[in-house]
Amino acid sequence: MSTLAHTMMTSARSADSGLTGPGEIDRYPYAEAPVPDRVGPPAWEGADPELGRAGRRAAGSRGRGLHGQLVQQLGQMIVSGDLGADRPLVPEEIGQRFEVSRTVVRESLRVLEAKGLVSARPNVGTRVRPVSDWNLLDPDIIEWRAFGPQRDDQRRELSELRWTIEPLAARLAAGHGREDVQQRLSDMVGIMGHAMGQGDALTFSRADAEFHSLLIQIAGNRMLEHLSGIVSAALQVSGGPVTGCDRPNETTLAHHARIVDALAAGDGSGAEAAMRQLLTVHPEVERVVPAPREH
């Protein structure tokens, strides 16, 4: 037995009595769910092993527990199409495949149900829901799509969404500036510049993510603030949107600095224009989301 499997089984035994609570998944008896005759192996046996490894890396980097790892595995497999709607998700099969307890499976399916990926129905069991029902703004689903066959659509959609969110946030932030936040934004630009000079892409990306998150948070619009996680996910996932933030250079850094200067001066139009320039680096982005016409 592998070290990972042994760890998962041990953790599952200790978690059996600790994971409780109401939820859609708990209302239906999975053992009695109908299981159609199968031709060939269960759906997950054909899954890309690289997908699973990516999920374990992501789960580990976030410090998630056993059920978090299973959520990551199943979520990626659903989003990639490896687990389709043609068969129910039977907890016993999932538990055997991943060597985890029934309780861990139930808790993981509850999380996936909250994200709109699966639904539980009496006499039917748990099945994958259509894409139209998924919470596509959930940061986990954004990440899973970025790792899967929908990566190109995810790049385009995130670019379009950022074009909608961030220029407006920059304009609004100019009227809600606080000295401590202004200084923090300036610090992030300084860190990005130093990291770029050192060839430290990881530090650059972390400072960049904090810059954009802070900017949305000070816009003074709580609904926009609620969307800050989407921008953070867009900046962090592999295969993220094609913007200036993806290719650190002097021009990218200058646009960030211009945004800070415009905010300090209370220049909403200037901050918005600088953000649009930052997000428009490649011709394909301009074609997807054209800049506003001048009147």
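This is a predicted model: local features need pLDDT of at least 70, side-chain atom pairs count only at pLDDT 80 or more; totals for chains, interfaces and linings use all residues.
Q: Which residues make the contact between H3 and H6?
A: From H3 come Val71, Gln72, Gly75, Gln76 and Val79, and from H6 come Glu143, Trp144, Arg145 and Phe147. By class, the residues of this contact divide into 4 nonpolar, 3 polar and 2 charged.

Q: Why does Ile141 count as buried?
A: Buried means under 20% relative accessible area. Ile141 has 0% relative accessibility, so it counts as buried. Ile141 has its place in helix H6.

Q: What does Ile141 touch, not counting residues up to four places away in sequence?
A: Ile141 touches Lys115, Leu117, Trp134, Asn135, Leu136 and Gln154. As for Leu117, its C-alpha is 9.2 Å from that of Ile141, and the two residues are 24 residues apart along the chain.

Q: Why are H8 and H12 called roughly antiparallel?
A: The axes of H8 and H12 cross at roughly 170 degrees and come within 10 Å. An angle over 145 counts as roughly antiparallel, so that is the name for this pair. The crossing of H8 and H12 is left-handed.

Q: Which residues of H8 and H12 make their contact?
A: H8 brings Gln182, Leu185, Ser186, Val189, Met192, Gly193 and Met196. H12 brings Glu250, Leu253, His256, Ala257, Val260, Leu263 and Ala264. Sorted by class, the contact has 9 nonpolar, 4 polar and 1 charged residues.

Q: How do you know that the reach of H12 is close to the expected one?
A: Helix H12 (residues 250-264) has 15 residues. The expected span is 1.5 Å times one less than the number of residues, and for H12 that comes to 21 Å. From its first C-alpha to its last, H12 reaches 21 Å.

Q: Which residues of H12 are buried, and which helices do they pack against?
A: The buried ones are Thr252, Leu253, His255, His256, Ile259, Val260, Ala262 and Leu263. They pack against H7 (151-173), H8 (179-198), H9 (201-217) and H13 (268-279).

Q: What makes Leu263 buried?
A: The cut-off for buried is under 20% relative accessible area. Leu263 has 2%, so it is buried. Leu263 sits in helix H12. Leaving aside neighbours within four places in sequence, Leu263 is in contact with Ala170, Ala173, Ala174, Gln182, Leu185, Leu215 and Ala271. Ala170 is 93 residues from Leu263 in sequence, with 7.8 Å between their C-alpha atoms.

Q: Why is Glu99 called partly exposed?
A: Buried means under 20% and exposed means over 50%, with partly exposed in between. Glu99 has a relative accessible area of 30%, so it is partly exposed. Glu99 lies in the loop between helix H4 (91-98) and helix H5 (102-114). Its phi is near 55 degrees, a positive value in a residue other than glycine.

Q: How do you know that Leu89 counts as buried?
A: Leu89 has 4% relative accessibility, which means that it counts as buried, given the cut-off of under 20%. Leu89 lies in the loop between H3 and H4. Not counting residues up to four places away in sequence, Leu89 touches Ile78, Leu83, Ile94, Leu109, Val118, Thr126 and Val128. The C-alpha atoms of Leu89 and Ala120 are separated by 9.5 Å, and these residues are 31 residues apart along the chain.

Q: How do you know that the reach of H5 is close to the expected one?
A: H5 has 13 residues and an expected span of 18 Å at 1.5 Å a residue. From its first C-alpha to its last, H5 reaches 19 Å, which is close to that value. Among the buried residues of H5 are Val104, Val105, Leu109 and Leu112. Just after H5, Gly116 takes a positive phi of about 85 degrees.

Q: How many helices and strands are there in the protein, and what percentage of its residues count as buried?
A: The protein has 14 helices and 2 strands. Of its 295 residues, 46% count as buried.

Note on methods
Residues are numbered from 1 along each chain as its sequence is written. Side-chain values use heavy atoms; hydrogens and water are left out. Contact means heavy atoms within 4.5 Å. Helices (H or I, at least four residues) and strands (E, at least two) are DSSP runs, numbered from the N terminus. Ala, Val, Leu, Ile, Met, Phe, Trp, Tyr, Cys and Pro count as nonpolar, Asp, Glu, Lys and Arg as charged, and the others, Gly among them, as polar. Buried means under 20% relative accessible area, exposed over 50%, partly exposed in between (1.4 Å probe, protein chains only). Axes are lines fitted to C-alpha atoms, for helices over the stretch in contact, and angles run from 0 to 180 degrees between N-to-C directions. Angles under 35 degrees count as roughly parallel, over 145 as roughly antiparallel, 65 to 115 as roughly perpendicular and the rest as oblique. A crossing is left-handed if the near helix is turned anticlockwise from the far one by less than a right angle, and right-handed if clockwise.
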